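Keep the viewer open as you read.

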Amino acid sequence: MMRDCPKCGSSQIEEGYQLDKGYGETHVGGFIRGKPDKRWYGYKFAKEDRLPISQYRCKRCGYLESYAK
C-alpha cells in the first residue's frame, strides 16, 4: 500500500478499485499477462494469468496509482 502521495507528499491516501463490466457480469478490473489473443467473441485468456488491480488515490491532489497484485 502507498504510504504518502509521490506527487504532493500528502498522507491522505485511499484504496479503491475500478470495475469491469461485461455482458451480464461485473468484476474488479484485471491485468492479463502476455499478448492479447483476440477471437471473434472477445479476448481469450487463462484465469491464472489474470491479476486483480488495486488502486490508490490521493484525496488532496487526485493522483491515482494502480497495482496488479
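**Rings, a charge and a loop cysteine**

Let's begin at Y56, which has 2% relative accessibility and so counts as buried, the cut-off being under 20%. Keep in mind that you are looking at a predicted model.

What does Y56 pair with? Its partner is Y67, in an edge-to-face arrangement with 5.9 Å from centre to centre and 70° between the planes. Y56 belongs to strand β7 (residues 50-58) and Y67 to strand β8 (residues 64-68), so this pair ties together parts that are eleven residues apart in sequence. Y67 has a relative accessible area of 34%, so this residue is partly exposed.

The count of aromatic pairs comes to two. W40 and Y41 form an edge-to-face pair as well, with 5.4 Å centre to centre and 90° between the planes. Is W40 buried or exposed? W40 counts as exposed, because its relative accessibility is 81% and the cut-off for exposed is over 50%.

Now turn to Y43, where a charged side chain comes into view: K38 lies over the face of this ring, at 5.0 Å from the ring centre.

Finally, find C61 in the loop between β7 and β8. C61 has 41% relative accessibility, so it counts as partly exposed. Which residues does C61 touch, leaving aside its neighbours within four places in sequence? C61 is in contact with C5, K7 and C8.

Terms used: Residues are numbered from 1 along each chain as its sequence is written. This is a predicted model: local features need pLDDT of at least 70, side-chain atom pairs count only at pLDDT 80 or more; totals for chains, interfaces and linings use all residues. Side-chain values use heavy atoms; hydrogens and water are left out. Rings of Phe, Tyr and Trp (its six-membered ring) pair if their centres lie within 6.5 Å; planes under 30 degrees apart count as stacked, over 60 as edge-to-face and the rest as tilted. Buried means under 20% relative accessible area, exposed over 50%, partly exposed in between (1.4 Å probe, protein chains only). Helices (H or I, at least four residues) and strands (E, at least two) are DSSP runs, numbered from the N terminus. A charge sits over a ring if NZ of Lys or CZ of Arg is within 6 Å of the ring centre and within 35 degrees of the ring normal. Contact means heavy atoms within 4.5 Å.
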